[in-house]
Structures are given as structure tokens and as C-alpha cells.
Amino acid sequence: MAVTGVILVGFAAGHLVGNLQIFGSPDKINGYAHFLQALGPLLWLVRLVLLATVAVHIWAAMALTLENSKARGPAGYGVNKVIQATLASRTMRMTGIVVFAFIIYHIAQFTLGVASHDTFKSSLPMWTMQEDAREFGVPLAAKGSEVADVYSMVFLGFSNPIVSIFYMIATSLLAFHLLHGIDSLFQTIGWRNHRWSCCLRKAAAAFCLLYALGSLAIPGSILTGLLKPAAGTHAAKVIAAAPASIAQR
Ligand code: HEM
């Protein structure tokens, strides 16, 4: 659980940092998404590793649950009283199931386009890069090249209140899931001793809070109109032309 947990926490944090580029110019997130798509076989390798990691994580969770119930025996607890277990630890299965359902919806929406075909990137006009996009000196997409308009896809996707609210609930639950997950991880690797326990718990809580705020900021600011699509983008044209119908989609 710990090894797969580390990989998944790393992915979640990296993905959030990438997604926060929606607050920059369309070139930013579109150039970044283009770079990832252009990785080709390497992208598929990363996808396979992630899929295997999720599968092992779920299998380990089920094995742990079975072991726990076997250790308790058929009679269960004599007294069912919470003494020290946190709410995050007691709701791991529930939050894990909601997050898993969210990931399936999310891939159907943004990777496969089956959940919302008309706002999916391959149904939208391509974006022409206004500038060369570069990150840490690595070229992502060249000025003038035509790339998928992930920027507009995210704006149009989150203009739907049901979708945005679902994202906000699911990512908050994910942050809560990570809170106990990271805590248990420190326990597994033996760092949660008397000396470190308090600092590590605070560090985990700070990380999860930042993660929740970052994840809430994207759908939250698009839905409330605090973040508007840049002028001239496909999303800006669609939202300006039919704000009511988009909001009801
Ligand atoms: C505000 C929250 C999020 C936003 C805006 C977002 C955005 C996106 C976008 C735009 C893509 C498609 C990229 C492309 O095809 O070019 C994507 C793919 C994906 N996202 Fe997210 N995401 C969010 C949260 C999450 C969370 C919480 C998870 C799981 C922990 C997640 C897991 C994935 C996965 C597994 C993919 C598929 C990557 C692939 O195509 O191989 N996302 N996301």
C-alpha cells in the first residue's frame, strides 16, 4: 500500500501542478498537454504503470480489509467505540470508492471524450500556439503549431455546475483520503516515532490542505466566473454566445 501510495500521491501532486496552468495563458496548458501527448510510447508506459499501481493499491486495500476482519473473528467487536482512530482513517474505504468512481468519470470526460462529446478536445477547433512554449528549458510546442485545445475543453467542461460540483466534492474527498494515507505511509516506513510524529502529521495536513485548495480553485473559479477564458479562445466565444445553455448542459 505504501509503495503504490507514494506513486499515486506523486502523480496527484504533479497532475495538479500541471492543471494549475489553466490560470496562465492558453499556450501554457495547451503546450504542456501537447508535450505529454507527443511522448507517444513513453506516455503509454506511464499510463500502464499508473494503471498497474491503482490495481495493486486496490488489491492491497481489499487484502488489508479481509485480514482485519479475519483478525477480529466472526463475532466482531464486543464494544464498538472509537478511541483513537481519526475520521479520515475510518472513512478510507468510502473516500477511496468515490475517488475511484471519479477517476473513471474523469478519464471518460477528458481522455476518451465519451462523457461529454461536444466539449471534448477532438470536437473543438485546434489551438494555434501564439508563442514558443518552454518549461525548465524543455521545448513543449513551437509558435504557430496546431495543438489540441485542452484550455477550452477544461473551461467548457467546468461551465457545467453539476460537473464542477462533482469535481470539487471528489477532489476534497481525495485530499481527505491522502491525509490518512500519507500518515500511514510515514508509519510504514518507521518515521512516525515520538520525535517526528507531530511534525510529519502537520506536514501531511499542510500538503493535503494545499492539494484541496488547488483542486477546488480550478472548477470553483471557472464556475463562479472569477476565472474567465482568454479573449479569442474557442471557450470565450462559446461562453459569450450562449452562457445560459452552456451552464445548463
Ligand atoms: C481540478 C481537477 C482536475 C483537472 C482540471 C484535470 C484535468 C485533466 C485533463 C485536462 C486531462 C486530459 C489531458 C489530455 O488528454 O491532454 C486529465 C487526464 C487525467 N487525469 Fe486529471 N484533472 C483533475 C483531477 C484529477 C485527479 C484528482 C486525478 C486522480 C487522482 C486525475 C487523474 C487523471 C488521469 C489518470 C488522466 C488520464 C491521463 C492520460 O490521458 O493518460 N485528474 N486530467
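Colleague: Which helix gives the most to the shell around the ligand?

Modeller: Keep in mind that this is a predicted model. Helices α1 (2–19), α5 (92–111), α6 (150–158), α7 (161–188) and α8 (197–223) each put at least two residues into that shell. With five residues, the top contributor is α5.

Colleague: And which residues come nearest to the ligand?

Modeller: There are 18 residues around the ligand. By class, 11 of the shell residues are nonpolar, six are polar and one is charged. The ones that come nearest are N19, A33, F110, T111 and I218.

Colleague: Now F102: is it buried, exposed or partly exposed?

Modeller: F102 sits in helix α5. Its C-alpha atom is 22 Å from that of A2, which lies 100 residues away along the chain. Buried would take 20 or more other C-beta atoms within 10 Å, and exposed would take 12 or fewer. F102 has 17, so it comes out as partly exposed.

Colleague: Let's zoom out. In what order do the helices and strands run from the N terminus on?

Modeller: The protein has 10 helices and four strands. Its C-alpha trace spans about 65 × 40 × 30 Å along the principal axes. From the N terminus on, the order is α-α-α-α-α-β-β-β-β-α-α-α-α-α.

Colleague: What percentage of the contacts with a separation of 6 or more is between residues 24 or more positions apart?

Modeller: For context, the protein has 249 residues, and 25% of them count as buried. As for those contacts, the share from residues 24 or more positions apart is 73%.

Colleague: Which element gives the largest share of the largest nonpolar core?

Modeller: That core has 39 residues, and Y151, V154, F155, A175, L178 and L179 have the most contacts inside it. Elements giving two or more residues to the core are α2 (26–37), β3 (138–141), α6, α7, α8 and α9 (234–241). The largest share, 10 residues, comes from α7.

Colleague: One last thing: leaving aside neighbours within four places in sequence, which residues is L178 in contact with?

Modeller: L178 is among the residues with the most contacts inside the largest nonpolar core. To be in contact, two residues need C-beta atoms within 7 Å of each other. Once the neighbours within four places in sequence are set aside, the partners of L178 are V9, C208 and Y211.

Methods
Residues numbered from 1 in each chain as written. Predicted model: local features only at pLDDT ≥ 70, side-chain atom pairs only at ≥ 80, totals over all residues. Near = placed C-beta within 6 Å. Nonpolar A, V, L, I, M, F, W, Y, C, P; charged D, E, K, R; others polar. Core = buried A, V, L, I, M, F, W, Y, C linked by C-beta atoms within 7 Å.
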